[in-house]
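Here are my notes on this one, in numbered points. Have the model open while you read.

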Amino acid sequence: MFGLDAVELARAQFAFTVTFHIIFPAFSIGLASYLAVLEALWLWTGRDVYLNVFNYWLKIFAIAFAMGVVSGIVMSYQFGTNWSVYSDKVGPVIGPLMAYEVLTAFFLEAGFLGVMLFGLKRVGPKLHFLATLMVAIGTLISAFWILSANSWMQTPAGYAVNAEGQFVSVDWLKVIFNPSFPYRLVHMVLAAYLTTSLVVGAVGAWHLLRNPHLPGPRVMFSMAMWMAALVAPLQILVGDQHGLNTLEHQPVKIMAMEGHFESHKDGAPLYLFGWPDQEKGELKWALGIPKFGSLILKHQIDAPMAGLDTVPRQDWPPVPITFWSFRIMVGLGLLMLGLGLFSLWERWRGRLYINRGLHRFAIAMGPAGFVAVIAGWVTTETGRQPFTVYGLLRTADSVSPLAAPAVGASLLAFIIVYFIIFAAGVLYILRLMAEPPHPGEPGPSSTEPVRSAGITPAAGVVQGAGS
Amino acid sequence: MNVAVDLATLWAFIIALAVFIYVVMDGFDLGLGILFPLFPGKQDRDVITNTVAPVWDGNETWLVLGGGGLMAAFPLAYSILLPALYAPLIAMLVGLIFRGVAFEFRWRTRATRNLWDIAFAGGSWVAALAQGIALGAILQGVHVEGRHYAGGWWDWLTPFSILTGISLVVGYALLGATWLILKTEGDLRDKAYRISWVLLVLMLLAIAAVSLATPLLTIQYAQRWFSWPAIVLTAPVPLAVIGVTVLLMKNLAQKHDGWPFFLALALFFLSYAGLGISMYPYIVPQSVTIWRAAAPERSQLIMLPGVLVLVPLILGYTGWAYWVFRGKVGHDAGYH
């Protein structure tokens with residue numbers, strides 16, 4: 001089907017379904033924390049605007065979370081349907097990490113989600129805040145485990161191989177806290193926060209463009225721009241550290257990211273652009289800064305750097321994809337930094353809520369986080385090829401004994417279904433975003449009476465004390 | 001070695017428990033989707049979806065635990081069974097996607113609400129049917145060579161697996177109907193009573209058909225059920241089914257709102273125990289035992305404290321969430 005063999009189809013299916021899936025966790029990790037902060041501010045200050053903004057984003061959260069859940073279930077079964085040999089061999093190491101993700105994170109999120117979405121009036125503000133907090137913590141715990149599992153595939157540690165050819169753990173702490181895990185975890189959680197702040201900022205900016213006096217959009221925009229200004233530079237630092245870690249443990253990935261086909265004895269250039277030609281093994285029309293690659297990666301201007309010419313061809317990752325997706329991520333990261341700095345400047349000049357140029361920039365950057373997250377994952381996952389477990393298990397040796405038509409048909413089914421779901425979900429979310437938060441903004445329980453008296457924090461506290 | 005043997009059995013129980021809790025919890029909300037075509041009114045449909053809106057998410061998480069737990073504790077079984085069940089599992093996932101998002105989407109649109117209602121019902125039907133077919137396909141055994149599934153892509157499709165598929169749809173629908181008796185009032189509840197009677201009869205027929213067909217699949221199942229002294233252990237199961245059925249009929253006739261749901265669950269439990277009796281100690285019937293499929297000891301051990309501590313905790317806060325949303329759901333409750 002599509003002229004691809006079963007392995008390529010299985011890879012296409014994984015790439016498609018995981019790309020679709022990651023959009024939602026990236027958003028819901030950040031949004032859950034944002035909601036917890038908003039509710040805390042409401043409880044602390046008693047200002048209605050925080051509750052309004054909270055309820056506004058809560059409805060959007062409900063949709064995004066549902067889409068994340070259903071696309072996530074597909075992931076947990078796909079390991080078995082399409083990658084059964086991988087599951088058999090790696091299951092004893094990866095399986096427990098994922099089981100702990102389910103036990104410590106998924107249940108926590110799902111268990112408290114109902115109360116978070118619909119329970120404010122039933123349990124009162126304090127218990128409700130606890131529920132919100134549990135959901136937010138659950139998203140972070142989930143990130144912890146799944147990134148540990150992914151990182152183990154990138155930088156395996158603490159394992160042995162048994163007689164059946166299965167990977168088994170000899171030291172769980174080394175498995176969990178494998179060398180690339182801390183960097184990847186921080187990088188991804190910050191990415192989720194940035195992504196969310198860009199979405200929130202864009203929605204705030206959209207409404208400020210029409211009316212710069214609306215209290216809800218002002219709160220959103222101000223908080224989002226603080227986040228962008230603080231986290232974007234931090235993320236660039238973390239990304240640099242992550243890159244150094246990759247250079248240490250997965251140097252071939254760095255060669256592909258940098259377009260270093262050839263080795264450099266005294267200082268490698270930093271290629272800004274170029275056209276990687278995998279077959280010929282060269283970077284065409286390269287535009288680079290001499291010695292800068294060594295400066296960034298080795299912090300030393302004429303440090304020698306090996307290129308792909310030192311690596312057997314069959315171990316090369318697909319260079320063009322890795323090269324370009326990396327540049328997309330970095331480019332967007334720099335734009336985010338620009339937005340953050342611009343907003344700081346305008347805030348200092350007292351023009352944060354009235355500078356239309358800033359607002360337009362923020363709107364344009366609204367989807368940038370998603371694109372950067374996907375580009376970053378494409379870089380790291382493609383850069384790990386041709387292995388599923390880096391250096392140890394080849395992707396071609398990981399697949400199920402598959403018939404191409406079966407995988408092709410399921411791929412086609414997922415593509416059709418996901419596009420329907422995605423189009424509808426995005427439409428409903430955009431429709432919610434098109435309205436600014438109103439005074440007395442209802443939560444997801446829209447048929448409940450709007451803003452009933454018993455729902456203010458003060459009354460809730462009294463109620464809580466009385467019961 | 002002894003430790004490993006006990007661990008494998010323990011983990012088989014844990015996975016079986018996770019799957020059973022899934023069946024208990026997602027069964028009734030899939031059942032609501034199955035019954036959707038019988039409730040065409042918008043108000044009724046709002047109430048029906050509202051009875052599970054706060055909890056469906058948690059219910060579905062047990063399915064992830066079942067799948068993830070199987071991969072972690074019995075990776076060999078996971079890697080044989082999932083390719084063997086390829087088509088039904090993909091169908092199940094697609095069904096669950098549609099019905100999951102329909103919960104949220106149907107509240108966000110007036111124009112296409114009917115379409116999402118169809119997605120909710122259709123997704124529930126497909127998911128339930130696919131789960132039942134998968135169950136039948138496992139029971140009838142799959143072709144294994146070495147550590148791989150070696151059969152074809154349509155091996156799962158037999159009259160037996162179709163029978164188990166339909167049976168599960170009927171069973172889930174019965175759970176859904178008795179759930180509505182528990183959670184609703186007025187005309188909606190009265191209708192649920194009438195539907196429950198019909199579904200109970202169908203369910204008994206389904207249990208009888210599957211029970212008769214299973215021993216015919218292989219001689220091992222027949223011996224398991226009918227040989228002496230095993231029959232001392234197996235005979236109480238059908239007797240208990242009869243007992244529970246009588247109780248259920250009595251409660252349906254006397255219109256005790258609270259009990260039919262739990263008695264329907266008891267029927268499920270007995271059927272499920274019967275499956276366990278048929279399969280044990282195989283995890284892939286007739287080819288792979290739980291001991292052969294077991295992950296290395298260290299993998300099964302590391303998860304044990306997690307399960308023993310966290311599952312009770314999870315049941316605790318899940319119970320709390322159900323408690324928060326307890327009681328009858330009326331037309332005005334509107335969690336959305």
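1. Helix 2 of chain A passes helix 3 of chain A in a left-handed crossing (the near helix is turned anticlockwise from the far one by less than a right angle; clockwise would be right-handed). The two pack at about 160°, axes 11 Å apart, which makes helix 2 of chain A roughly antiparallel to helix 3 of chain A (over 145 degrees; under 35 is roughly parallel, 65 to 115 roughly perpendicular, the rest oblique). Axes here are lines fitted to C-alpha atoms, for helices over the stretch in contact, with angles from 0 to 180 degrees between N-to-C directions. Helices (H or I, at least four residues) and strands (E, at least two) are DSSP runs, numbered from the N terminus.

2. Who makes that contact? On helix 2 of chain A, A:Leu58, A:Ala62, A:Phe65, A:Phe79 and A:Gly80; on helix 3 of chain A, A:Ser84, A:Tyr86, A:Ser87, A:Leu113 and A:Leu117. Contact means that C-beta atoms, placed from the backbone, lie within 7 Å. By class that gives 7 nonpolar, 3 polar and no charged residues (Ala, Val, Leu, Ile, Met, Phe, Trp, Tyr, Cys and Pro are nonpolar, Asp, Glu, Lys and Arg charged, and the others, Gly among them, polar).

3. A word on provenance: this is a predicted model, where local features need pLDDT of at least 70 and side-chain atom pairs count only at pLDDT 80 or more, while totals for chains, interfaces and linings use all residues. Residues are numbered from 1 along each chain as its sequence is written, with chains lettered from A and ligands numbered from 1 in the order in which they are written.

4. Now the interface: 61 residues of chain A are in contact with 57 residues of chain B. Helix 2 (48-82), helix 3 (84-118), helix 4 (120-154), strand 2 (167-169) and helix 13 (404-434) of chain A each supply at least two residues of the chain A side. Helix 3 of chain A gives the most, with 24 residues. The chain A side divides into 38 nonpolar, 20 polar and 3 charged residues.

5. Helix 3 of chain A also packs on helix 3 of chain B, at about 165° with axes 7 Å apart. That makes helix 3 of chain A roughly antiparallel to helix 3 of chain B. The contact includes A:Gly91, A:Gly95 and A:Ala99 from chain A, and B:Gly68, B:Gly69 and B:Ala72 from chain B. The contact has 12 nonpolar, 8 polar and 1 charged residues.

6. Helix 3 of chain B (residues 56-73) is worth a look too: 18 of its 18 residues are buried, so it is largely enclosed by the rest of the structure. Buried means 20 or more other C-beta atoms within 10 Å of a residue's own, exposed 12 or fewer, and partly exposed in between, with C-beta atoms placed from the backbone.

7. Check A:Glu441, in the loop between helix 13 and helix 14 (457-466) of chain A. A:Glu441 is buried, with 22 other C-beta atoms within 10 Å. Leaving out residues up to four places away in sequence, A:Glu441 touches A:Asn52, A:Asn55 and A:Tyr56.

8. A:Trp285, not a glycine, has a positive phi of about 45° and is exposed, with 7 other C-beta atoms within 10 Å.

Notes
Two residues are in contact if their C-beta atoms, placed from the backbone, lie within 7 Å.
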